[in-house]
Amino acid sequence: MQFTSFTPAQADEVTALFRRTFSASEGENEGELIGTLAANLLASTPEDELLTFLALEDNRIQGAIVFTRFHFEHSPALAYLLSPVAVAPEAQGNGVGQALIKFGLQELAQRGAEIALTYGDPNFYGKVGFKPIAQEVIAPPLKLTYPEGWIAQSLTNAEIAPISGATRCAAALNHSEYW
């Protein structure tokens, strides 16, 4: 398995992976929703606020993760939000997703990022270092339907200190259906 950065020429293939993966696990409506999210993130997020990484096997995309800048009203801390994540159905259960996320987190840390956040299954993301974070420590950008899924990790040796004020995510993610 090879891990690499996304190139814009791969946008259609990456979008198709998200659509196929979520359709297989959650149904066609969810596949369409997350496929559209991926397409919108890749097309509309400023290049300097988007980091996308791929898992390739025999030059075929087996996994994709998208990180977008996460902004704080009162802090210059460099943070990224991980969302969405997809592993091809035929590659699931082999550690591809976890290895790809670890690769992405290492890349973020090398680029000076201090915090990685996501909104998802704490059991899955806990395997790669994410831990629940109180909304009072870092506020989510929108109301959460599953507060236990608000998780984060420090990419430095420091604990995550409370950051006051509003937060902002990528425009494509700034819709209640994703939260």
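Biologist: How many helices and strands does the secondary structure of the protein come to?

Modeller: This is a predicted model. Its secondary structure comes to 4 helices and 8 strands.

Biologist: What pattern does the protein follow along the sequence?

Modeller: The pattern reads β-α-α-β-β-β-α-β-α-β-β-β.

Biologist: How do you know that the radius of gyration agrees with a compact globule?

Modeller: Set the value against the rule. A compact globule of 179 residues would have a radius of gyration near 16 Å. The protein has 15 Å, so the two agree. Along the principal axes, the C-alpha trace spans about 45 × 30 × 30 Å.

Biologist: What share of the residues counts as buried?

Modeller: Of the 179 residues, 49% count as buried.

Biologist: Why is L117 called buried?

Modeller: Buried means under 20% relative accessible area. L117 has 0% relative accessibility, so L117 counts as buried. L117 sits in strand β5, residues 115-119.

Biologist: Which residues is L117 in contact with, leaving aside neighbours within four places in sequence?

Modeller: Among them are F70, Y80, L82, F130, I138 and W150.

Biologist: Why is D58 called exposed?

Modeller: Exposed means over 50% relative accessible area. D58 has 73%, so D58 is exposed. D58 is found in the loop between β2 (50-57) and β3 (60-72).

Biologist: What makes the phi of D58 worth a remark?

Modeller: Most residues other than glycine have a negative phi. D58 is not a glycine, yet its phi is positive, about 55°. N59 also has a positive phi, near 60°, and is a residue other than glycine. N59 lies in the loop between β2 and β3. At 68% relative accessibility, N59 counts as exposed.

Biologist: Where is the peptide bond that is cis?

Modeller: The bond from S83 to P84 is cis, with omega near -5°. Most peptide bonds are trans. P84 lies in strand β4, residues 75-87.

Biologist: Why is the pair of E32 and R19 called a salt bridge?

Modeller: The rule asks for a side-chain nitrogen of Lys or Arg within 4 Å of a carboxyl oxygen of Asp or Glu. The N to O distance for E32 and R19 is 3.2 Å, so the pair meets the rule. E32 lies in helix α2 (residues 28-44) and R19 in helix α1 (residues 11-26), so the pair ties together parts that are 13 residues apart in sequence.

Biologist: What makes E32 and R19 partly exposed?

Modeller: Partly exposed is the range between the buried cut-off of 20% and the exposed cut-off of 50%. E32 has a relative accessible area of 41%. R19 has 28%. Both values fall in that range, so both residues are partly exposed.

Biologist: How do you know that E90 and R60 meet in a salt bridge?

Modeller: Their N to O distance is 3.7 Å, and the cut-off is 4 Å. The pair links distant parts of the chain: E90 is in the loop between β4 and α3 (96-110), and R60 is in strand β3, 30 residues apart. R20, R60 and E90 are linked in a network of salt bridges.

Biologist: Is E107 buried or exposed?

Modeller: E107 has 18% relative accessibility, so E107 counts as buried. E107 forms a salt bridge with R111, with the closest N and O atoms 3.4 Å apart. R111 is partly exposed, at 45%.

Technical notes:
Residues numbered from 1 in each chain as written. Predicted model: local features only at pLDDT ≥ 70, side-chain atom pairs only at ≥ 80, totals over all residues. Heavy atoms only, no water. Helix = DSSP H or I, 4+ residues; strand = E, 2+ residues; numbered from the N terminus. Rg over C-alpha atoms; globule rule 2.2 N^0.38 Å. Buried < 20%, exposed > 50% of the residue type's maximum accessible area, 1.4 Å probe, protein only. Contact = heavy atoms within 4.5 Å.
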